[in-house]
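Please go through the structure below with the model open beside the text.

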Amino acid sequence: CSEHFGRYLEGMIAKGEPIECREISARFTTDVIGSCAFGIEMNALATEDSEFRKMGRKVFQTSWKTMIRDRLRDYPFLFKLFGRFVVEMDIADFFTRITKESIDYRIDHNIRRHDFIDTLVDLKQHPDKTGLLEMDDLFLTAQAFVFFVAGFETSSLTISHFLYEIAVNPSVQEKVREEIKNVLQKTNGVVTYNSIKEMKYLDACFQETLRKYPVLVWISRTALVDYTFSGTKIAIPRGQQVFIPVYAIQTDPEIYPNPQVFDPERFTDNNAKSRHPMFFLPFGDGPRNCIGARFAKNQSKMAIITILSRFKVGVCDKTFKEYGMDKKVSFLLQPTHGIYVKMTKLAE
């Protein structure tokens, strides 16, 4: 997918127009999650009107209907009564059809790709593994849908924010590019899992991006036991829902001095160890942390490595001066505007 991504960008850059980061990143992550979760070549990069890309875009469009739907989900009994009036049935029907077709094709032709659809095939054939009598298509679709939604929009937003920050911080960009170049020299330019792990400064930039722009501005947990904070009379009863303000914590100047400054040095080993681990929560933490954190990190870094190995990223007339946060979305950090940069091909 990253090879397709590189070629796609070369074609875009040849037109000499500003690059809208969110769109190109979403096309890339749609292809990746489509291949890894659904076992389907999405061609969101090659095809302008890719059905998967259109559906993915629609899932995250904000409107009065989506706002009502999100509020109703907080009250399951109301959602059961009125949910059908605010659910986008074309999205539900599309993903149900795609998931059912993929599962049935695997079963009929005895195909295994060792991906997420294989897991759903196993669940359909052996529902007893989960203690359920049967697995209907809607239940299986819900599992695939969550992977698709969580896998493409979160990473594409992070890639976009990363590209913006290295565009306005060229010295950081050069340092990352130099590290990528040095590490890949050892593998003749081939990106491996271990070579990505070796790129410590890239990782620091990635973490600083998630610090400044956490995809989820808050996360919630439910207390399993009665708990009183030591040395205080503040108590949380069992069953209480607790909201953890990730964005507020990660932009607190007492924890991160000058929080609006993009500074990857915050995440060098020594600096990171000096802070409480709960001051950095882009993937949550504990037993309910993000199940796809490693996948998200690697697909995002693959996109960035592909870009910085071939292109220089800079600002353009359309690059935003001030970040406008979309207030209509209750839990995702999304801008109200495009994220535009200029890309030029590096000299060979």
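Which residues lie nearest the centre of the second largest pocket? In this predicted model, they are Arg221, Val242, Ile244, Met278 and Asp285, out of 21 residues that line the pocket. Two elements, strand E2 (219-222) and strand E5 (241-244), each give two or more residues to this lining. E2 gives the most, with 3 residues. Sorted by class, the lining has 14 nonpolar, 4 polar and 3 charged residues. The volume of the second largest pocket is about 730 Å³.

The next topic is the largest nonpolar core, which has 82 residues. Within this core, Phe38, Val313 and Met343 have the most contacts. Helix H8 (residues 137-168) gives the most to the core, with 12 residues. For Val313, the contacts beyond four places in sequence can be listed: Leu163, Ile166, Ala167, Gln173, Arg177, Ile307, Leu308, Val341, Lys342 and Met343. Met343, one of these partners of Val313, is itself among the core residues with the most contacts.

The last stop is Thr96, which is placed in helix H6 (residues 89-109). The side chain of Thr96 reaches back to the backbone oxygen of Ala92, at 2.6 Å. When residues up to four places away in sequence are not counted, Thr96 touches Leu138 and Thr141.

How values were computed. Residues numbered from 1 in each chain as written. Predicted model: local features only at pLDDT ≥ 70, side-chain atom pairs only at ≥ 80, totals over all residues. Heavy atoms only, no water. 1 Å grid on protein atoms, 1.4 Å probe; cavity = no way out; pocket = protein on both sides within 12 Å on 5 of 7 lines; lining within 4 Å. Points joined across faces, edges and corners; volume = space filled by probe spheres on them. Helix = DSSP H or I, 4+ residues; strand = E, 2+ residues; numbered from the N terminus. Nonpolar A, V, L, I, M, F, W, Y, C, P; charged D, E, K, R; others polar. Contact = heavy atoms within 4.5 Å. Polar contact = N/O pair within 3.5 Å; in protein donor to acceptor, adjacent residues only side chain to side chain. Core = buried A, V, L, I, M, F, W, Y, C linked by side-chain atoms within 4.5 Å. Buried < 20%, exposed > 50% of the residue type's maximum accessible area, 1.4 Å probe, protein only.
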